[in-house]
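Visitor: I am new to reading protein models. Could you walk me through this one?

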Amino acid sequence: MTPGLPLPAGLALLLHAPSPAPTPAQPPPPPDTTTPRVVILGTGTPNADPDRWGPAVAVVAGGRAYLVDAGAGVVRRAAAAARDHGIAALAPEGLDRLFITHLHSDHTVGLPDVILSPWVLDRPEAIRIFGPPGTAAMVAHIEEAWREDIHMRLFGLEPRDANRDAYRAPVTETTGGPVYEDDNVRVTAIPVLHGSWPHALGYRFETAGRTIVISGDARPSESLVEACGGCDILVHEVYSAEAFQGREPEWQAYHARAHTSTAELADIATRARPGLLVLYHQLYWGATDDDLVREIREAGYGGRVVSAADLDVY
Ligand SMILES: [Zn+2]
Ligand SMILES: [Zn+2]
């Protein structure tokens, strides 16, 4: 705009109108630290959707967070949930239990983040990791890949005396069955079917008051129906059966063997009878959250169902 020219009246008003007073941020509701919660940290897939970070879910019980998978951005997503929902257990220094469903990169690319970043942020203890065969080798390679960083943080100028060993990540590998127990939870690994992976897992968390089952990546798997069996919350991956029709035949063949359609999930959920079905790791291919829920309803599922967004809490 040329300086000195008179402004049209409407534009002048726009430019000079006082900006509205900022509405005060609503204080977050007081945190409920007693009811076990499912916190969706990331619902994403390998598709680089800027609104959906890498797959990761937290079960929070008894003041501790139990992570399932470590997708891209997991530590920052946990920090966002800690801030936005007042869940202190999701602050970086509290991230010390992790359950990996399988070794696909979208579920594990956040592993160095969740192993190393909280260590630098004074997590007092090492993170304990549970996962299928191959997890220990992956974690060992991460430690090797970041060897120089670890050396500099241990022997450089950083004050590190309080948690020198907390970068180590002891791994327990499992192919299914009871895998972890403490005062808050009993965790069972559930073998599921996922493409050609020899070992892919879901997880069942029994907490005081709620049983939560998380599918991981799975095509329809009877093990998940049994593991839920009237559970309180079933968090299950899904793709749009309608949008699937527009995929290339090669990708249709892959997805049919690797993942679960809305129509298939309607059948699974009808028999698994969860109190709440939560869709995550959604493959939309142009469909919307409402489409996914509608497809599941039209396929005959009558229970409660929601399609999760990042940072949702159930
Ligand atoms: Zn996968
Ligand atoms: Zn995946």
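Predicted model: local features only at pLDDT ≥ 70, side-chain atom pairs only at ≥ 80, totals over all residues.

Guide: Residues are numbered from 1 along each chain as its sequence is written, while chains are lettered from A and ligands numbered from 1 in the order in which they are written.

Visitor: How many helices does the chain have?

Guide: Helices are DSSP runs of H or I, at least four residues, and strands are runs of E, at least two, numbered from the N terminus. The chain has 13 strands, and its helices number eleven.

Visitor: How are H10 and H11 oriented to each other?

Guide: H10 covers residues 262-272 and H11 covers residues 289-298. Their axes (lines fitted to C-alpha atoms over the stretch in contact, with angles from 0 to 180 degrees between N-to-C directions) come within 8 Å and cross at roughly 55°. Angles under 35 degrees count as roughly parallel, over 145 as roughly antiparallel, 65 to 115 as roughly perpendicular and the rest as oblique. H10 and H11 are therefore oblique.

Visitor: Is Glu-226 buried, exposed or partly exposed?

Guide: Glu-226 lies in helix H7, residues 222-228. A residue is buried if 20 or more other C-beta atoms, placed from the backbone, lie within 10 Å of its own, exposed if 12 or fewer, and partly exposed in between. Glu-226 has 13 C-beta neighbours inside 10 Å, so it counts as partly exposed.

Visitor: How far apart in space are Glu-226 and Arg-271?

Guide: In sequence, Glu-226 and Arg-271 are 45 residues apart. In space, C-alpha to C-alpha, the distance between Glu-226 and Arg-271 is 8.8 Å.
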